[in-house]
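Q: I would like a close look at a single part of this assembly, with the surroundings described carefully enough that I can follow them on screen.

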Amino acid sequence: MADSYASDEGRQLPSLPPWLRKTLATLATVAATILGLLFVTFMIGRVMPIDPVLAVIGERATQAQYDETFRELGLDKPLLVQFGIYVNDVIHGDFGTSIRTGQQVSSDIARVFPATLELATLGTLIGVILGVPLGVVAAVRRGSWIDQIARFVGLIGYSMPIFWLGLVGLLVFYGMLGWVAGPGRVGIFYQGVVEPITGMLLVDSALRGEWAVFRDAFSHIILPASLLGYYSLAYISRMTRSFMLEQLGAEYVTTARVKGLSEWNVIWGHAFRNIRIQLITVIALAYANLLEGSVLTEIIFAWPGIGQYITTSLLANDMNSVLGGTIVIGTIFVGINIFSDLLYRFFDPRAK
Amino acid sequence: MTTNTHGLRDWLLSDEPTSRRQASLSAWYKGWLTFRSNTLAMLGLGVLVVLILAAIFAPLLASHDPFAQDLGARLLAPGVDGHLFGTDSLGRDIYSRILYGARISIYIVLLVAMVAPLVGLIVGTVAGYAGGWVDVLLMRITDIFLAFPRLILALAFVAALGAGIENAVLAISLTAWPPYARIARAETLTMRNSDFIHAIRLQGAGHTRIVTRHIWPLCISSLVIRVTLDMAGIILTAAGLGFLGLGAQPPSPEWGAMISEGRKYILDYWWVATIPGLAIFAISLAFNLLGDGLRDVLDPKEGTS
Amino acid sequence: MKLRYALASAAVAALLAGPGLVPVSAETPPNMLVIANRIDDIKTFDPAESFEFAGADVSRNVYEKLVNFDPLDLDAGYQPQLAASWEISDDGKTITFTMAEGHVFSTGNPVTAKDAEFSLRRAVLLNKTPSFILTQFGFTPENVEQTIVAPDESTLVLTLDKPYAISFVLNCLTATIGGIVDMQAAMENEVDGDMGNAWLRTNTVGSGPYKVVDWKPSESVLMDLNPNYGGEAPAMERVIVQHIQESATQRLQLERGDIDVARNLSPEDVAGLEGVDGVKVVDELRGRLMYWAANQKNEMLADPKVVEALKWSTDYAGMSDSFLKGQYTVHQAFLPRTFLGALEDTPFGFDIDKAKATLAESGYPECGPIKISVRDAQERLDIGQSLQNTWGQIGCEVELIVGTGAQTLDRYRAREHDIYLGAWGPDYPDPNTNAGTFAFNPDNSDEAGATGLLAWRNAWGIPEMSEKTLAAVVENDTEARKEMYLALQAEHQQVSPFGVMFQQIEQNGMRSNVENFVAGGATTAVSYWVITK
């Protein structure tokens, strides 16, 4: 995954200092990737047999009203011209208007993205807090019952259809046991109580000292976040285990043991220290996956996040919204790739 | 008979193979022995075999016509009136639908498992072998597809192509190939400048021949592991598409679509959504167990015991 | 029930057990109404543009109209609201309204005839989708300055192109597009000559009991009292509508007391609520019809005997007693019950023998392949699969073509379907709303492009029936008008390529202390201001 982004084109700009050259090359690559991403999305939207005009005007419109809207949306222009106009607008900070919500795409995304961010962050936290120790213990006690359990828990996580698990979870923990709150981000009558700062309800309510809202929001988020956390736990623990196994088999570990260092020190002080970077990369990837891959969870839990936003927009052929969402998610993905690349560059002696 | 098997076994386990054929068969057999000692992997294989048999013999095993509606006998509980898993909202027998649904799942998985790795293999080996701007271009395209959220990309393709199983397969394949391309490219890069490729080139072999005859076979094993591990993901994506109404179309008994139909009834008639959910879970778990075991055999550095 | 708990324990063991969290409070505040509904269709609140179900629910509580329905007595028909009275000229073409006193916009400005003139002219000038409701009376962007005129602050004069039935005109004015907006506020927020359209999409300035204070598309709408509302102060000071897609979720929320009203319960969930403490279900007949229509461009489907055979092989009772139970009643005419002149006869039943016999008389005794276009909503998929099943029994090979709403509609408007399975809701509470689309298509040519007419979409050319439909809108004798519609429907039922099957019954689940919840019947939308709890 951590394929180097910068190396390929570095040599094309000889007169600049190396760091600047690398940065520029990286930026160029990012721009090319995102432009490509937009282009593919745009083309999909244009060949899709869903009529965006109808989404605007509805069933009863006359042909004249249809034609007028068709022109207003710029659909009468050639495809490449449409794409050029769109990219030019984006460069000027205008992401267009959503035909589905009638609002600016940028304001839509500013509303839905924090919801996903909040959910994915908590999910990843749960996955890390439980997954890393589980992976380490599984590696240390390789072949033991705890290793088998860790493996099995992980495999179950990989095998469960999340939309089904979500339904069952909702039914059990909300419907029958009443331990958690139902779908949505916050109880209906807390809607609009907290003036947004970051858009993330847990953070905002804590900052504003609205603890009742905080508690309510927490009891809404905990179930979907646990579900997502379970999925990243499966991935994180598995990778942690395999990284740790590699380290524990290395010579320096044997040396350290011979020297009489405590087992705790050997495991956490030496072996675990050495897998930090790899682990951060894995966690970053898991995080990116949750940010972009929680569409079904969002639908089941009526979570107004970006996955659901893109999906519903897509099905209405609301291309401005889809493209806007794609830019956000593509940027995150590329950003995380670059981030893990940089980590390797700075910390991994072999990369130097 | 016994001596004969013993003979075969000894032949297979011989430390000094006398032919290339014996050596390769021997490697396979040893792999199988390692695999067989992995209980979980065997369990996975067992479940898969059962599911595949169930799919093949669905017409014989089914107790009802999976499409026959009976509005008078809808939402019956499991076991009532000879419906092993109950009936759905249109009175169709869920057990029979699950059996026929297994065919769809296996069909999807097989098709995707053939298409996606092939595309990845071609793109990856060409990029790795050719190098230069071809490599840059192909890898950039790979990155673009990797940067897409998978389900959303699949959704977009299905929306563009129209809903249906074949299009779902195509869409999933289109989203699944980039990792294979990366693997194939990495393998090719390690081989491109190796002595044996040079030797072959000196013998006058063309590029196409080198790639297809000498590089591809060596990429296969890492691709196979990856594909088996991805099978579950493919099934879950297909089910997700079905759940969103973009996979197989009604009245087809695709499991994801069955969950979607049944979720309306989950509070009072849990089996309508739960049984297809368990079916999806069983088949993906089986693939995961199998993939895990295969990895132990083929890729020992990550293995367990 | 036992099964549910067995499932629960199994799932508990399988899942990561969450920590025992604080149980969520189980009651909504007494002055606040909390509703779960599907509101992802709302695109705009501008009455000149809004044309969606959920949008109409908001609009009715925010904007007042010249004439309107009393939620507690819908049968009484339109009543004075912003107009205190009206007079019709002798030639029947001019209506003079006298404005009522004491109505004030949420901005504090009083409602005058100038606002009414502005709002109606604006709806015609903006020419958005619902504008046909007004333009059918001859108003055009060119003539509004002569035909919609307020000579002073308290008088509004409408000049029509024909002497239409007065009930027809006034019924149309009760539709969302008849909502009167604050001219001053709208024009202060005008951008590029849009008469405040962009601003009014997300902001409301009406004289109704509520105003929208927050709208998150596909998430929630929050309404507070209009501080200047002229009428009696409503008991509910805040109304929150949250978008909840799943019926099961709405039911759970209702059972737990997190919400007061659940508006999209499935028949199974309604049955499940039976006997639950503190919850009741209120049935209300709505105006929405479920029908299938056969494209007359398809040669086989243009054979009236084939269509008749299909009508006989539709399992009306089977569906309405099973997956549609309680939510759709069998209805086979194009006017929904409670509309003036609605025909309640249901001549077609499920009779396979008769269907086969009819098919044998047609030019296609073997039937043939039929594609049903249906959108991916569960209820319609179920109906589609039932049709597939029963039509299959007379030998027709049926394929379902499932798509999103826009996809299916696109094919329908392009006249490319075989059979379209869909729903139709009245646009305004007058019989012409449905007659004018099911039984009106004077020019059947492709060039006519009358995509708004259902008869045109199905390529059903009916010059004579169209004349009858036109005649009914200018008949001022209500009894005679009713007879005309009854006759029209009786004929339509037999000869048309439309298989009207059901009329919707909305089953709203609510906490038992909620009183006076009226979803709006067949004619209008929900009214929050009369609700108490």
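The part I have in mind is chain C and its contacts: how many residues of chain B are in contact with how many residues of chain C?

A: This is a predicted model, and in it 19 residues of chain B are in contact with 25 residues of chain C. On the chain B side of that contact, the residues divide into 10 nonpolar, 4 polar and 5 charged.

Chain C also meets chain A, and here the contact takes 49 residues from chain C and 50 residues from chain A. The elements of chain C that give two or more residues to this side are α1 (2–14), β1 (32–37), α8 (197–202), β8 (210–216), β9 (220–225), β10 (238–243), α9 (247–256) and α15, so that both helices and strands are found in the list. By class, the residues on the side of chain C that touches chain A comprise 21 nonpolar, 18 polar and 10 charged.

Helix α15 spans residues 405–413 of chain C and is mostly covered, with 8 of its 9 residues buried. Those buried residues are Gly405(C), Ala406(C), Gln407(C), Thr408(C), Leu409(C), Arg411(C), Tyr412(C) and Arg413(C). They pack against α2 (52–57) of chain A, and, within chain C, against β14 (369–375), β15 (397–403), β16 (419–424) and α17 (454–457). After α15(C) comes Arg415(C), which has a positive phi, near 55°.

Turning to chain C as a whole, the chain holds 19 helices and 17 strands. Its radius of gyration is 25 Å, close to the 24 Å that the globule rule gives for 533 residues, and chain C is therefore as compact as a globular protein of that length. Along the principal axes, the C-alpha atoms of chain C fill a box of roughly 70 × 70 × 45 Å. Of the 533 residues in chain C, 56% are buried, and among contacts in this chain between residues at least 6 apart in sequence, 69% join residues at least 24 apart.

Chain C is divided into domain 1 (1–62 + 209–278 + 512–533), domain 2 (63–198) and domain 3 (285–506). Between domain 1 of chain C and domain 3 of chain C, the centres, taken over C-alpha atoms, are separated by 32 Å. In the contact of these two domains, 7 residues of domain 1 of chain C meet 15 residues of domain 3 of chain C, and the domain 1 side has 4 nonpolar, 3 polar and no charged residues.

Met99(C) has 24 other C-beta atoms within 10 Å, and because the cut-off for a buried residue is 20 or more, Met99(C) counts as buried. Leaving aside residues up to four places away in sequence, Met99(C) touches Leu82(C), Ala83(C), Ala84(C), Thr112(C), Ala113(C), Ser154(C) and Leu156(C). Ser386(C), by contrast, is 287 residues from Met99(C) in sequence and 53 Å from Met99(C) in space, C-alpha to C-alpha.

Chain A, the partner that supplies α2 to the packing around α15(C), has 14 helices and 0 strands. Its C-alpha atoms fill a box of roughly 85 × 65 × 40 Å along the principal axes, and buried residues make up 55% of the 352 residues in chain A. Among contacts in chain A with a separation of 6 or more, 71% are between residues 24 or more positions apart.

The UniProt record, an unreviewed entry, places the feature "transmembrane region" at residues 24–44, 119–140, 152–177, 217–236, 279–303 and 323–344 of chain A. Over residues 24–44 of chain A, the model is 100% helix and 0% strand, and the end C-alpha atoms are 30 Å apart. Residues 217–236 of chain A are likewise 100% helix and 0% strand, with 26 Å between the end C-alpha atoms. Just after α10(A), Gly260(A) takes a positive phi of about 95°.

Conventions
Residues are numbered from 1 along each chain as its sequence is written. Chains are lettered from A and ligands numbered from 1 in the order in which they are written. This is a predicted model: local features need pLDDT of at least 70, side-chain atom pairs count only at pLDDT 80 or more; totals for chains, interfaces and linings use all residues. Domain bounds come from an automatic or database domain assignment. Ala, Val, Leu, Ile, Met, Phe, Trp, Tyr, Cys and Pro count as nonpolar, Asp, Glu, Lys and Arg as charged, and the others, Gly among them, as polar. A residue is buried if 20 or more other C-beta atoms lie within 10 Å of its own, exposed if 12 or fewer, and partly exposed in between; C-beta atoms are placed from the backbone. Helices (H or I, at least four residues) and strands (E, at least two) are DSSP runs, numbered from the N terminus. UniProt positions are given in the numbering used here, feature names are shortened, and annotations may be inferred rather than shown by experiment. The radius of gyration is taken over C-alpha atoms; the globule rule is 2.2 Å times the number of residues to the power 0.38.
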